[in-house]
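Let's take a walk through this model together, starting with the whole chain and then moving in to a few side chains.

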Amino acid sequence: DPEIAAAIEEHYKPQGPSDRVPTAPVSIAVALADKIDTLVGFWAIDEKPTGSKDPYALRRAALGVVRIVLENGLRVSLNGLLRIAYSGVQNKLVFGPSPVSPASEAIDLGRRPDSVGVRQDVLAFLADRLKVQIRDRGVRHDLVDAVFSLGGQDDLVLVVRRVEALAKLLATEDGKNLLAGYKRAANILKAEEKKDGAGAFEGDLDLALLSDPAEVALSGALDVAEPAAADAVAREDFAAATSALGALRPQVDAFFDQIMVNAPDPALRANRLKLLARLRRATRAVADFDRIAG
């Protein structure tokens with residue numbers, strides 16, 4: 001069958017950054033299976049690349065996975081593939097003296113890697129290769145970190161689309177000012193949570209305590225932007241999600257211009273900090289803004 005012959009030929013492709021990627025379904029399946037099995041197998045026996053040393057070409061395998069997925073627009077859960085690969089590998093691992101060669105070095109049973117640890121490490125490794133792959137597009141690596149750090153982002157096609165939408169937002173004045181406002185809010189929350197405890201301001205706002213027009217306006221803007229961004233993300237319309245967040249910029253600017261967050265009244269202070277915590281939650285519909293430089 002020509003498809004089988006092509007898959008045999010393309011088994012190890014792409015073998016470098018300029019090599020073509022497989023495009024036929026059978027070829028894609030074989031090439032991806034080979035590379036993912038290789039990565040999971042070496043991670044499972046704790047043979048990872050170190051520094052400039054990569055004797056088993058694991059970086060090339062990971063970059064191959066990224067290119068095959070992106071250039072074919074594959075909507076696939078990498079975490080799901082890694083789980084399948086690990087289930088096939090774990091029963092073949094020998095921990096202890098080899099039955100063939102009893103004198104072989106034993107591996108401490110306590111160091112046996114678990115599925116979650118291997119999958120997390122390989123996903124992080126693939127994320128690093130993704131940064132290399134999209135660097136030529138002028139995309140900042142910190143935006144990749146901001147998207148991946150949300151967790152559950154193992155569909156590379158969606159990751160890239162989310163990163164590109166985030167980059168477009170941050171190229172606008174609204175985006176730049178929103179990021180500056182977010183950073184200010186996050187720094188205030190970080191300082192105050194050290195005093196009151198982590199998560200102290202994650203509760204619901206007391207709307208009756210919103211008296212200043214600037215805080216009322218920010219609360220109202222979040223009432224619109226937060227569900228709009230979440231709904232857009234659910235529809236995979238990341239441009240609309242970032243646009244909804246960008247629309248918060250005037251209210252965020254006015255809030256910091258006119259409001260003293262750490263008011264003398266403890267209830268008022270806590271309520272204003274809850275408003276900032278809500279702003280932080282709203283932005284995480286798209287990315288972890290803490291990971292964005294600037």
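This is a predicted model: local features need pLDDT of at least 70, side-chain atom pairs count only at pLDDT 80 or more; totals for chains, interfaces and linings use all residues.

Now for the overall build. The chain has 12 helices and zero strands. Its radius of gyration is 24 Å, well over the 19 Å that the globule rule gives for 294 residues, so the chain is more spread out than a compact globule. Along the principal axes, the C-alpha trace spans about 75 × 45 × 30 Å. Of the 294 residues, 43% count as buried. If you take the contacts between residues at least 6 apart in sequence, 68% of them join residues at least 24 apart.

Next, have a look at the aromatic rings. A search of the whole structure turns up four aromatic pairs. One of them brings together Trp43 and Phe125, whose ring centres are 4.8 Å apart; their planes stand at 50°, so this pair is tilted. Trp43 belongs to helix H2 (residues 25-44) and Phe125 to helix H5 (residues 115-135), so the pair links parts of the chain that are 82 residues apart. Both Trp43 and Phe125 are buried.

Finally, move along to helix H12 (residues 266-283), where you will find Asn271. Asn271 is buried, with a relative accessible area of 3%. Beyond its neighbours within four places in sequence, Asn271 is in contact with Leu205, Asp206, Leu209 and Leu210.

Technical notes:
Residues are numbered from 1 along each chain as its sequence is written. Side-chain values use heavy atoms; hydrogens and water are left out. Rings of Phe, Tyr and Trp (its six-membered ring) pair if their centres lie within 6.5 Å; planes under 30 degrees apart count as stacked, over 60 as edge-to-face and the rest as tilted. Helices (H or I, at least four residues) and strands (E, at least two) are DSSP runs, numbered from the N terminus. Buried means under 20% relative accessible area, exposed over 50%, partly exposed in between (1.4 Å probe, protein chains only). Contact means heavy atoms within 4.5 Å. The radius of gyration is taken over C-alpha atoms; the globule rule is 2.2 Å times the number of residues to the power 0.38.
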